[in-house]
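Please keep the sequence and the model at hand while reading.

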Amino acid sequence: MKATKAQKSKGQFFTPTNVADFVWELLDTSGAWDDGRPARVIDPAAGEGVFIQSGAHHLTDAEFVAVDIDPAMRNHWDGLADGRLQGVLGNGLSNGAGSSTSENTLADPPIQIAEGEFDIV
């Protein structure tokens, strides 16, 4: 999907699938989570979910969280990551500056997370 002028004004740019695949191929994910738990991955500006879709092929047991400010993007998340995806509507690139929330804010409205909750951001 190519970003429209209105989407670009919101800071939306869409990553081609081949670029997302290349990034995941660069990551050495083999044996990274030998403690028996599935990896937790968050995409704070998920858009259509291209990085999550590609990541689901590389990390077959990982849990994914997609965050995006545009409600229209949620329509693209259905069926991604074989049911291992939690979608969140919010500004995942906000650090909560100017609010009374902690620095671990991932969205506006804020999403509180514990340090180390996600393995890949």
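## Salt bridges

A search of the whole structure finds 2 salt bridges, a salt bridge being a side-chain nitrogen of Lys or Arg within 4 Å of a carboxyl oxygen of Asp or Glu. The model is predicted, so local features need pLDDT of at least 70 and side-chain atom pairs count only at pLDDT 80 or more, whereas totals for chains, interfaces and linings use all residues. Residues are numbered from 1 along each chain as its sequence is written, and side-chain values use heavy atoms, with hydrogens and water left out.

Arg 40 is buried at 18% relative accessibility, while Glu 63 is partly exposed at 33%; buried means under 20% relative accessible area, exposed over 50% and partly exposed in between, with a 1.4 Å probe and protein chains only.

Arg 84 pairs with Asp 82 at 3.9 Å between the closest N and O atoms; Arg 84 is buried at 18%, and Asp 82 is exposed at 67%.

## Packing of helix 3

Helix 3 (residues 50-58) has Val 50, Ile 52, Ser 54, Gly 55 and Ala 56 buried. These buried residues pack against helix 2, strand 1 (40-43), strand 2 and strand 3 (85-89), where contact means heavy atoms within 4.5 Å.

How values were computed. Helix = DSSP H or I, 4+ residues; strand = E, 2+ residues; numbered from the N terminus.
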